[in-house]
Amino acid sequence: MGYHKRLRIVSGILKDKGSLIKTTLSTKRHKASARRVILRATTHGSSVPPSDHRIAAVIGLGHGSRFTACTCIQAVMDRLHRTKDSSVALKCLCTIHNIINKGSFILKDQLAIYPSSGGRNFLNLSTFRDGSDSETREMSAWVRWYAGILEQNLMVSRVLGYHLNSPRSKNEIIGFLNSDLLKELDVLVNFADYLGHVPADSLYLQRKSLVHEIVRLVSEDYRSVQRETFVRVTELGTRMVSLSWSECTEFLSCIDRFEGCKERIAVLLVNRNRNDDLWGLIKETKANLVAAIEKNENEGKMVVVATADNESNKLTQFSQLFRLAPSGRWVEF
């Protein structure tokens, strides 16, 4: 480890200690207490994920009042948006991910605002960059990607009406409109598509326990996305005969996009979450959709030809019964 890197780590640790002392002396006890919990879960100086008991302490803040939960979310967002350290940013995002997966309704409610609304949960870190050294620059790419994954997670939850780790009963979607199912399928495919844009040039960073834990959490989300996708593709497949031409093409577009993510996702997850049943369903449904669309198009051409022939016959019959007089009007023979 180089001198400058050691100096940066020591400096970060000292900053954390100073911040903890400041919260101890604060007169705003509730806010200070939540801030201490977040600081301890997202410390400088190591590339390990927040420990289980640190995460449990964060989750515990959601079992009190709504004010305490709001303070917790405010503290983690402030920490996330103020830090320039890639490891701290990843720990903040990992903490948010655990809140989404394990937090109480009150905590999740604070993260449920649609990201583009600009609320305190706006995770847009597309410009984040820790330029301390080559490794932190590569870690910064993971920060940007992971923040986008969590935003996709929140968008999926908003459209589906529930979080990925609390699935709806399969029977509940039977009464949904085709347009609703297609909208839900589209947002699920968006998640998979974004997942496939992992920083492929720095996959070796998975040897760090922090990045490895992040990949594990994201892998669990993807497993849920696969489950929800399977349910909707199955349901829409049973309705294929009743789908309009535009709905068929939209359905096929979603399936094509999802299929296109497969290889890119495999680069990250290798043999995890293969789900051969899902990909078998995708292949079969795609073939049926292509056949249905081609049949629809062929029938449309036949209708056009038949209509044209019919109009031609009518014109011939008309010309046999009437003639055009010098006055410019049609008169009977």
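## A tour of helices, core and loop

The crossing of helices H8 and H9 is left-handed. This is a predicted model. Keep that in mind at each stop.

**Stop 1: the helix pair.** Select residues 178–195 for H8 and residues 209–238 for H9. Their axes come within 10 Å and cross at roughly 150°. Now show the side chains. On H8, the contact includes Leu-181, Leu-185, Leu-188 and Phe-191. On H9, the residues in contact include Val-218, Tyr-222, Val-225 and Leu-236.

**Stop 2: the core.** Next, select Ile-96, Trp-142, Trp-145 and Tyr-146. These residues have the most contacts inside the largest nonpolar core, which has 86 residues. Which helix gives the most to this core? Select residues 134–160: helix H7 does, with 12 residues. Now colour domain 1 (18–122) and domain 2 (161–298). Both give residues to the core, so the core lies between them.

**Stop 3: Ile-96 up close.** Centre on Ile-96. Leaving out residues up to four places away in sequence, Ile-96 touches Val-76, Met-77, Leu-80, Leu-111, Leu-123 and Leu-150.

**Stop 4: a loop residue.** Go to the loop between helix H2 (29–41) and helix H3 (52–60), and select Thr-42. Is Thr-42 buried or exposed? Its relative accessibility is 0%, so Thr-42 counts as buried. Show what surrounds Thr-42. Again leaving out residues up to four places away in sequence, Thr-42 touches Arg-79, Val-88, Lys-91, Cys-92 and Thr-95.

Notes. Residues are numbered from 1 along each chain as its sequence is written. This is a predicted model: local features need pLDDT of at least 70, side-chain atom pairs count only at pLDDT 80 or more; totals for chains, interfaces and linings use all residues. Side-chain values use heavy atoms; hydrogens and water are left out. A nonpolar core is a set of buried Ala, Val, Leu, Ile, Met, Phe, Trp, Tyr and Cys residues joined through side-chain atoms within 4.5 Å. Buried means under 20% relative accessible area, exposed over 50%, partly exposed in between (1.4 Å probe, protein chains only). Helices (H or I, at least four residues) and strands (E, at least two) are DSSP runs, numbered from the N terminus. Domain bounds come from an automatic or database domain assignment. Contact means heavy atoms within 4.5 Å. Axes are lines fitted to C-alpha atoms, for helices over the stretch in contact, and angles run from 0 to 180 degrees between N-to-C directions. A crossing is left-handed if the near helix is turned anticlockwise from the far one by less than a right angle, and right-handed if clockwise.
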